[in-house]
Amino acid sequence: QVQLVESGGGLVQPGGSLRLSCAASGFTLGYYTIGWLRQAPGKEREGVSCISSSDGSTYYAQSVKGRFTISRDSAKNTVYLQMNSLKPEDTAVYYCAADEGPLRVGRFGCGRDFASWGQGIQVTVSS
């Protein structure tokens, strides 16, 4: 059974950092394209960052480029999202998602059509 569990969210001041973790069970993350998506109240769910299973290529939404970094630790079967220079507009529920298909980018970034999802974790950026 495929399971994804996010951790590392919370409350942080503007300019601060958080690292989200997505731990997988029931499958090997390295064989899947993994994405981090977020949804703020009243807004569409958007793909923030994805990492490809085939060649490790990455995608970042323009709004997070240069501030967020996605990475994968195969030994721990975990994917991370390092978030630096956080802004209030980064406040959202963040989801980890996985799919056996390739990295694809659509109107709302990557990952919206992925097959497996975590339960989501809240990230709040506020002073």
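## Basis of the description

Because the model is predicted, local features need pLDDT of at least 70 and side-chain atom pairs count only at pLDDT 80 or more, whereas totals for chains, interfaces and linings use all residues. Residues are numbered from 1 along each chain as its sequence is written, and side-chain values use heavy atoms, with hydrogens and water left out.

## Disulfides

A search of the whole structure finds two disulfides, a disulfide being a pair of cysteine sulfur atoms within 2.5 Å. In the pair formed by Cys22 and Cys96 the sulfur atoms are 1.9 Å apart, and the torsion about the S-S bond is about -70°, so this disulfide is left-handed. The pair links distant parts of the chain, with Cys22 in strand β3 and Cys96 in strand β9, 74 residues apart; strands are DSSP runs (E, at least two residues) numbered from the N terminus. Cys22 is buried at 0% relative accessibility, and Cys96 is buried with a relative accessible area of 0%, where buried means under 20% relative accessible area (1.4 Å probe, protein chains only).

Cys50 and Cys110 form a disulfide whose sulfur atoms lie 2.1 Å apart, and with 100° about the S-S bond their link is right-handed. Cys50 belongs to strand β5 and Cys110 to strand β11 (residues 109-110), so the pair ties together parts that are 60 residues apart in sequence. Both Cys50 and Cys110 are buried. When the bonded cysteines of the protein chain are numbered in sequence order, the pairing is 1-3, 2-4.

## Nonpolar core

The largest nonpolar core has 36 residues, and those with the most contacts inside it are Leu81, Met83 and Tyr94; such a core is a set of buried Ala, Val, Leu, Ile, Met, Phe, Trp, Tyr and Cys residues joined through side-chain atoms within 4.5 Å. Strand β9 gives the most to this core, with five residues.

Leaving aside its neighbours within four places in sequence, Leu81 is in contact (heavy atoms within 4.5 Å) with residues including Trp36, Val48, Phe68, Ile70 and Tyr94.

## Arg67

Arg67 lies in the loop between β6 (58-60) and β7 (68-73), and this residue is buried, with a relative accessible area of 10%. The side chain of Arg67 makes a polar contact with the side chain of Asp90 (2.8 Å); a polar contact is a pair of N or O atoms within 3.5 Å, of which, within protein, one must be able to donate a hydrogen and the other to accept it, and residues adjacent in sequence count only if both atoms are side-chain atoms. Apart from neighbours within four places in sequence, the residues in contact with Arg67 include Met83, Leu86 and Asp90.

Conventions:
Helix = DSSP H or I, 4+ residues; strand = E, 2+ residues; numbered from the N terminus. Buried < 20%, exposed > 50% of the residue type's maximum accessible area, 1.4 Å probe, protein only.
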